[in-house]
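Subject: Structure handover

Hi,

Here is the structure I promised to pass on. Please open it and keep it beside you while you read.

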Number of protein chains: 4
Amino acid sequence: MGDKSLQKRQYILETAREVFMEKGYKDVTMKDIVDACEISRGGLYLYFNSTKEIFQDVLKMEQQETDDVFASTIPKNATAADILALFLKEQKKELLKSKKTLTIAIYEFYFQNKVPKKEHLIRQQFEGAVKIIEQLIADGVASGELYCEDCLQTARNIMFVIEGLKISAQTMGITEEMVNRELLYIMSGLVADE
Amino acid sequence: MGDKSLQKRQYILETAREVFMEKGYKDVTMKDIVDACEISRGGLYLYFNSTKEIFQDVLKMEQQETDDVFASTIPKNATAADILALFLKEQKKELLKSKKTLTIAIYEFYFQNKVPKKEHLIRQQFEGAVKIIEQLIADGVASGELYCEDCLQTARNIMFVIEGLKISAQTMGITEEMVNRELLYIMSGLVADE
Amino acid sequence: MGDKSLQKRQYILETAREVFMEKGYKDVTMKDIVDACEISRGGLYLYFNSTKEIFQDVLKMEQQETDDVFASTIPKNATAADILALFLKEQKKELLKSKKTLTIAIYEFYFQNKVPKKEHLIRQQFEGAVKIIEQLIADGVASGELYCEDCLQTARNIMFVIEGLKISAQTMGITEEMVNRELLYIMSGLVADE
Amino acid sequence: MGDKSLQKRQYILETAREVFMEKGYKDVTMKDIVDACEISRGGLYLYFNSTKEIFQDVLKMEQQETDDVFASTIPKNATAADILALFLKEQKKELLKSKKTLTIAIYEFYFQNKVPKKEHLIRQQFEGAVKIIEQLIADGVASGELYCEDCLQTARNIMFVIEGLKISAQTMGITEEMVNRELLYIMSGLVADE
DNA sequence: CATGAATGAGAGTTCATTCAT
DNA sequence: GATGAATGAACTCTCATTCAT
C-alpha cells in the first residue's frame, strides 16, 4: 500500500470517526461508512474488512492524538495541584460534550468484544490515568499542597467517579453543575485543610 | 385484554428478559424473542410492536421486583451503618455477576433512546438510591456511628463510584478485589475516626 | 409445515429442476430459483437454505420418479433379452436428449461435493443398475437366449460404457449413430452365437 | 510480444494450470490466478482477458506435453500387445490420481462451452486415441497376438469404457481394483484364446 | 386470539474490469 | 509493459412487518 493509499486510509478513518460519534458502534454499517466517505462499496473493502476493524483503528488513532493533546496543554511551572485541576477540567470538558464523542461507540464496542488485557486500550487508558493521578497527588503531598493517606487508592477512586460521570452523562444525562459538584468534592478531600 | 392474555404477556416479558440478559439490547430482534418464547411471529405482535416496547416493559417489571427484594432483606434492629453496608454488599453482588444481568442491555437502551426525565427509570433509580443513602448517612451521623460533612454530596459520590464500577465491569472487567477496595475506601471515609 | 407448504415446496423443487437442467449446478444462484419460481427472496429461504440443499432434494425427487417410470414400461411376458434391450433403449433415449437432463448438474454437483457412499445417489443408482443388468444377463443365460462367462463383470462393463457415452454426450457430443454402434456392440457380444 | 513477454505468458499458464487442477474450471476467478501468479490485476489482463481464454491455452499447452510424454515411453521392439497394455496402464495411472489432474476442469469447461469440432481438443484427443488403439489391435491381429473382429469398434468401445471410468472416478470414486477388473476384462476379450 | 407464510428492504462481501500513473 | 486503486454489479442471507386463514 503506497503513500496515497495511506492517505486515503487515514481519510477513511477520520470520516468513520465522525460516523461512530454520530451513531455509536453497533448501528454503524459498512454502507454508512461508504456513504460518508463517498467511495464505492468495494473501495472500502480494499482497506478494511469490517466495522470492527475500522473502529479498532479509529481507537488507535484517537489514543495517540489524545496523549499528545493533553501533554501540550500543561503550562510550565505548574504545581502538581494545578496540573491535577487541569486534568479534571479536561475531563469535565469531555464529559459535557455528549455528542461529539466516541464514548458511546467505545462502550458499545467493549460490550460486544471482550478483548484481552494487553490490547485493551480503554483499560490501558484507565490505568495510565490512575498512575498519572497517583503521581500528581504524591507530588502535591510532597510539596505540602495536598493531603492524602493512600495516593494510589485515591487516584483509583477519582477515576471511578469520572467513569461514573461519563456513563451517567450518556444514559441519564448530567448537568455542568453536577460535574462541578463532584469534582469539587474530590478536590476538597485532597486539599490540605489548614 | 383478558386474564389469559395478561399471563401470556407476562410470560413473554420474562422470556424476553432472559434474551436481553444474553444479548444486550441492540442485538435482540423480534425473531429472537419469538424463538425464545416459542410463539408465532404474528403472536408476538399482538402484544408488542417492537423490541423497544418490550424492553421498556421488562424494565418496569424489573424495577418493581428489585425494590421488593431489597426491602425484604433488611433485618430489623439494623443500624444505619449496617444497612449501608448491606446496601453496598448488594451492589457488589450485582457488579460481579457480569452475565446474568440486564446492565448492558440497559446501557445500550439508554444510549439509543433519550428518555424524558419523568419516564427515566434509570435516573429515578439513581436518584432514589442517592436519597436512601443520604438518609442512611444522616441517620448514622445522628447516632454517632458515622461522620460526614455533606451527606447529600457524599451519597451522590458513592453512587457515581458504583456507576463507575458497574460500567468498568462491563468494559474492562473488574475483580472482586477491586470492588472491595473501592467499597472499603468509601466506608472508611465515613466511619467516625476516633 | 402444513399441507400447503408441502405443495409449495414441491413446486419449488420442480421449478428448480428446470433451472438446473438449463444451467447445470454451479451456475445456479438462489436468485435464479427465486426468479424462476416468481417468489420473494426471503420466501425461498423459508424452504431451503442453499442451492445445494435444493439440488439434493431435487435429486431425491428425481430418483423416485425414475424408478417408477422404468418399472412401469416393462411389458409382461418379456424375456430377459427383451428387458435388457428395453433398458438399453431407455438409456439411449436419455443419452440423446442432451438438454432436458440433469446430467451436467449432477456431474457438477458431485465434482464439488464428495458425498459418503451411503448418501451417494449416483453411486447407488450405478450399483443398482449393475445388479439389475447382471440378473437380466443371468436369466438370459439360463434361458439360453444369451451367452456370457462373467455376468457381473459384463454388467459392470456395460454400465461403464454407458457412463462413457453419457459424459461424452455432454463434452464432445455424440450422434445417435454412435450410440447405436456401441449398444449393438454390447448386445452382439452377449447374444449366444449358435 | 517480445521474448520476455512470452516467458511471462508461459509462467502464467503454468501457474494457472495448478489453480485449475486445484479448483476445477468454473470456480476459478481472475483473482485466483492473479493471486497464484503474484502479479497485478492489470498485469494479467495484458495477457489474457478471461479465465476461459487462459484455460483454453492451458489445454493447448497440456496436449503438446501429453503427446510427447506418451511417445517417449514406448520401448523399442515392443509388440503391439505390449504397447496396448502400456497405453492402458498409462490411462490407469491417470484415472487414479484424482487430485493432480485437469479432468474436472476439462469437464466443467466443455459443459459450459460448446466448441466446434475442429477446435475440440478433447474430441480430437478421443479420436486420436481411438485410431491409435485401432492400429495397435490391427497390428496385434496381424501378428497373431490378438483376436478381434471389428478393430475400430473395439477401439471405440475401449475408449468409452475409459471415459466411463474417468468420470466415475470424479463422481462416485473408484478403487484401483475396479480399474484393474475393467482393463483385464478388456484385454481378456482381445487375447487370442485357444 | 393465534398462526406462520410471504414480502422486500438492506447489510455484507466478492470480483471482473477499467484506468491513471 | 506493469501496477493496483477504484468502481459497481451481483449474490447471499436476515429480519421487521403484514395478512389471509
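Below are my notes on what was found, topic by topic.

First, the ground rules. This is a predicted model: local features need pLDDT of at least 70, side-chain atom pairs count only at pLDDT 80 or more, and totals for chains, interfaces and linings use all residues. Residues are numbered from 1 along each chain as its sequence is written, while chains are lettered from A and ligands numbered from 1 in the order in which they are written.

**Chains A and B**

Start where these two chains meet. On the B side, 27 residues are in contact with 26 residues of chain A. Contact means that two C-beta atoms, placed from the backbone, lie within 7 Å. Four helices of chain B each supply at least two residues to this side: α6 (103-112), α7 (121-143), α8 (151-171) and α9 (176-190). Helices here are DSSP runs of H or I with at least four residues, strands are E runs of at least two, and both are numbered from the N terminus. Which helix gives the most? It is α8(B), with 12 residues. By class, the side of chain B that touches chain A has 13 nonpolar, 8 polar and 6 charged residues. Ala, Val, Leu, Ile, Met, Phe, Trp, Tyr, Cys and Pro count as nonpolar; Asp, Glu, Lys and Arg count as charged; the others, Gly among them, are polar.

**Glu38 in chains A and B**

Most residues other than glycine have a negative phi. Glu38(A) is not a glycine, yet its phi is positive, about 55°. Glu38(A) sits in the loop between α2 (30-37) and α3 (41-45) of chain A. Is Glu38(A) buried or exposed? It counts as exposed because it has 8 C-beta neighbours inside 10 Å. The cut-offs are 20 or more other C-beta atoms within 10 Å for buried, 12 or fewer for exposed, and partly exposed in between, with C-beta atoms placed from the backbone.

Now look at chain B. Glu38(B) also has a positive phi of about 55°. Its loop lies between α2 (30-37) and α3 (41-47) of chain B. Glu38(B) has 8 other C-beta atoms within 10 Å, so it is exposed.

**DNA strand E**

How many residues surround DNA strand E? There are 36, and the closest are Gly42(A), Gly42(B), Gly43(B), Gly42(C) and Thr29(D). A residue is near the strand if its C-beta atom, placed from the backbone, lies within 6 Å of it. The surface near DNA strand E divides into 10 nonpolar, 18 polar and 8 charged residues.

**Inside chain A**

Across the boundary, 5 residues of domain 1 are in contact with 8 residues of domain 2. Those of domain 1 divide into 3 nonpolar, 1 polar and 1 charged.

**Chains C and D**

Chain C can be laid on chain D by a turn of 179° and a shift of 0.0 Å along the axis, with an RMSD of 0.2 Å. The two copies are therefore related as by a two-fold rotation axis. In chain C, the C-alpha nearest the axis belongs to Gly164(C), 1.8 Å from it. The same surface serves both copies, as 100% of the contact residues of chain C recur in chain D.

Best wishes

Technical notes
Least-squares fit on C-alpha atoms with pLDDT ≥ 70 in both.
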